[in-house]
Amino acid sequence: MSLLATDGSRIAKALAALLLLEMWALPVRAQENPEGPPPARLRTHQLEVPVDTAVVTGHEVTIRGEQVPYEAEAGMQPVYDEEGMPRATLFYTYYRRTDAEDAGRRPLLISFNGGPGSGSLWMHLGYTSPKHLLISDEGYPVQPYGVEPNHQSVLDVADIVYVNPVNTGFSRALGEADPEQFYGVNEDVSYLADWISRFVSQKGRWTSPKFLIGESYGTTRVAGLAGAMQSRHWMFFNGVILVSPTGLGLEPPGPSARSEILKLPYYAATAWYHDQLPPGLQQQDLDALLSKVERFTMEEYLPALSYGGSLGDDRKQRIAEQVARYAGVSEEFVLSHNLAVPAEAYWKELLRDEGNYTIGRLDSRYKGVDRTTAGGEPDYPAELAAWNHAFAPAINHYVRGELGFGTNLEYYLFGPTSPWDREDNDTGEALRDAMAANPYLDVMVQSGLYDGATDYFSAKYTMWNLTPSGRFSDRFRFETYRSGHMMYLRTEDLRAANQDLRAFIRTAIPAPGEPARYDRRARPSRSSEE
């Protein structure tokens with residue numbers, strides 16, 4: 001190598017190092033969402049994006065009667081390319097209890113929402129953090145907007161970091177980096193795994209018991225991450241929490257995990273909530289009723305529909321009658337859909353006779369009002385309109401005001417992340433493989449009975465097919481709540497869901513010195529943990 005080439009290499013490295021040291025902000029290109037309306041304040045000029053920075057503030061909260069001091073760190077941590085240059089930066093909020101005696105043994109909960117273009121605000125201000133947005137006891141928006149202490153937070157037993165993937169929250173791709181390199185099932189898992197590894201190293205949390213929690217598409221994300229963190233970064237987790245899970249890319253031998261057939265128990269729960277069932281069913285306890293509907297679904301409904309057009313008329317009529325009874329709709333409506341009622345049609349049909357009312361998709365307790373009674377699906381998602389109403393002002397006020405994170409960026413509740421590459425989704429298998437290789441790894445599912453998007457019975461079906469041998473059945477925990485997709489927005493379920501999560505974290509941490517082997521500990525009873 002010539003002296004000139006050597007000097008040139010040194011100069012290039014020096015300039016790169018100087019750039020990293022001085023880098024405070026890089027421009028980001030404004031984008032539109034091709035699947036919906038543009039952001040309220042669409043940027044047509046370059047904005048300054050803080051690349052690697054953090055603001056730390058001290059706080060205290062009472063959780064279940066205990067005073068818990070903590071630090072809240074709101075910051076941006078870069079995603080680096082193969083040459084060590086930032087190609088994106090992710091906004092995060094990190095809560096750390098400050099009176100813990102041994103921080104190295106304190107659990108760390110890493111939280112993602114879904115979308116896939118959704119910010120982390122939902123579980124952040126709705127579920128597990130020491131702050132909770134101001135809403136009614138049933139989850140409806142109220143004024144004034146804002147946040148209050150969350151006395152049910154799991155910060156008493158685990159530190160928590162809420163992560164916003166690229167183009168959600170304040171997270172952005174940097175400079176001329178193409179944002180689409182981040183938009184896909186596998187692309188998403190790959191760069192987030194790198195980000196988590198760096199975060200854990202920077203915060204000194206390698207010895208902490210670690211947990212991943214994801215909601216909706218976030219369950220696809222954390223299932224994939226459980227595998228990627230073990231196989232690529234040698235980081236092993238104690239637990240994965242799937243809140244309102246997707247089908248995780250599984251292809252079971254039976255119906256798809258999102259088949260209309262599997263939604264019948266959800267239809268029954270929703271009809272029961274809205275008093276649309278025949279008196280003999282309406283008067284039953286909901287849990288007892290759903291047990292019957294689940295059994296009918298698997299033992300009669302599914303086998304009958306497997307015959308398709310060859311199903312005999314008498315049997316077809318009997319099935320239609322029972323489906324109509326359980327779903328709270330007419331036999332004619334069921335027959336018009338060849339016995340398999342699409343969810344969109346059901347959300348429009350259930351309350352059609354009561355006027356222009358529809359029901360929500362993510363939480364079917366919510367009612368919407370359509371322009372006309374006619375039509376095959378609701379005009380808008382009633383539940384999402386209510387949630388945006390409350391969450392948008394709460395997160396902006398809290399992060400910018402109370403946490404003091406200053407930026408002129410818009411906080412994307414739902415960012416532009418299309419097109420999203422959904423090919424080669426093996427995240428369910430990645431989670432199964434991670435469980436097989438790591439006897440410490442347990443899984444908990446949390447589902448709302450009135451969730452029509454990721455319904456609870458489809459979640460059960462997914463878990464059954466995640467480990468078809470049944471070998472890991474003692475490592476799964478399944479909890480349901482009488483609310484929807486974001487079950488924690490209902491005060492009663494906020495308490496129950498956090499307590500279930502708290503118990504799961506404690507149970508998934510082995511005793512000191514306990515080996516990770518398949519003949520390991522006997523499982524403590526659930527009641528002993530609660």
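**Figure 1. The loop that holds Glu423.** Glu423 sits in the loop between α11 (382-402) and α12 (427-437). Helices (H or I, at least four residues) and strands (E, at least two) are DSSP runs, numbered from the N terminus. The model is predicted, so local features need pLDDT of at least 70 and side-chain atom pairs count only at pLDDT 80 or more, while totals for chains, interfaces and linings use all residues. Residues are numbered from 1 along each chain as its sequence is written, and side-chain values use heavy atoms, with hydrogens and water left out. Glu423 counts as exposed because its relative accessibility is 57%. Buried means under 20% relative accessible area, exposed over 50%, and partly exposed in between (1.4 Å probe, protein chains only).

**Figure 2. A patch of negative charge on the surface.** The patch gathers Glu251, Asp421, Glu423, Asp424 and Asp426. Patches are made of residues with over 30% relative accessible area and no salt bridge; like charges are joined within 9 Å, and nonpolar side chains (Val, Leu, Ile, Met, Phe, Trp, Tyr) within 5 Å. Accessible areas come from the Shrake-Rupley method with a 1.4 Å probe, and for residues only the protein chains shown count as cover. Lys and Arg count as positive and Asp and Glu as negative; His and the chain ends are not counted. The place of a charge is taken as NZ of Lys, CZ of Arg, CG of Asp or CD of Glu.

Figure 3. Tyr357 belongs to strand β13 (residues 357-359). With a relative accessible area of 34%, Tyr357 is partly exposed.

**Figure 4. Strand β4 and its two partners.** Of the 15 residues of strand β4 (residues 66-80), 11 are buried, so the strand is largely enclosed by the rest of the structure. Strand β3 (residues 53-63) pairs with β4 in the antiparallel sense over 11 bridges; two strands pair if DSSP finds at least two bridges between them. Glu60 has Pro69 in β4 as its bridge partner. The hairpin of β3 and β4 has two residues between the strands, and Arg64 takes a positive phi near 50° there. Strand β5 (residues 86-97) runs antiparallel to β4 and is joined to it by 11 bridges. Tyr92 in β5 is the bridge partner of Gly75. In the hairpin of β4 and β5, with five residues between the strands, Gly84 has a positive phi near 80°.

**Figure 5. Val445 and Thr480.** Val445 lies in strand β15 (residues 442-448) and is buried, with a relative accessible area of 0%. Between Val445 and Thr480 there are 8.3 Å in space, C-alpha to C-alpha, and the two are 35 residues apart in sequence.

**Figure 6. A network of salt bridges.** The network links Glu138, Asp363, Arg365, Arg490, Glu492 and Asp493. A salt bridge is a side-chain nitrogen of Lys or Arg within 4 Å of a carboxyl oxygen of Asp or Glu. Arg490 forms a salt bridge with Glu138, with the closest N and O atoms 3.5 Å apart. This pair links distant parts of the chain, 352 residues apart: Arg490 is in the loop between β16 (476-481) and α14 (491-508), and Glu138 in the loop between β7 (131-133) and β8 (147-149). Arg490 is buried, at 15% relative accessible area, whereas Glu138 counts as partly exposed at 32%. Arg490 also forms a salt bridge with Asp493, the closest N and O atoms being 2.9 Å apart. In the salt bridge of Asp363 with Arg365, the closest N and O atoms are 2.8 Å apart, and both residues are buried.
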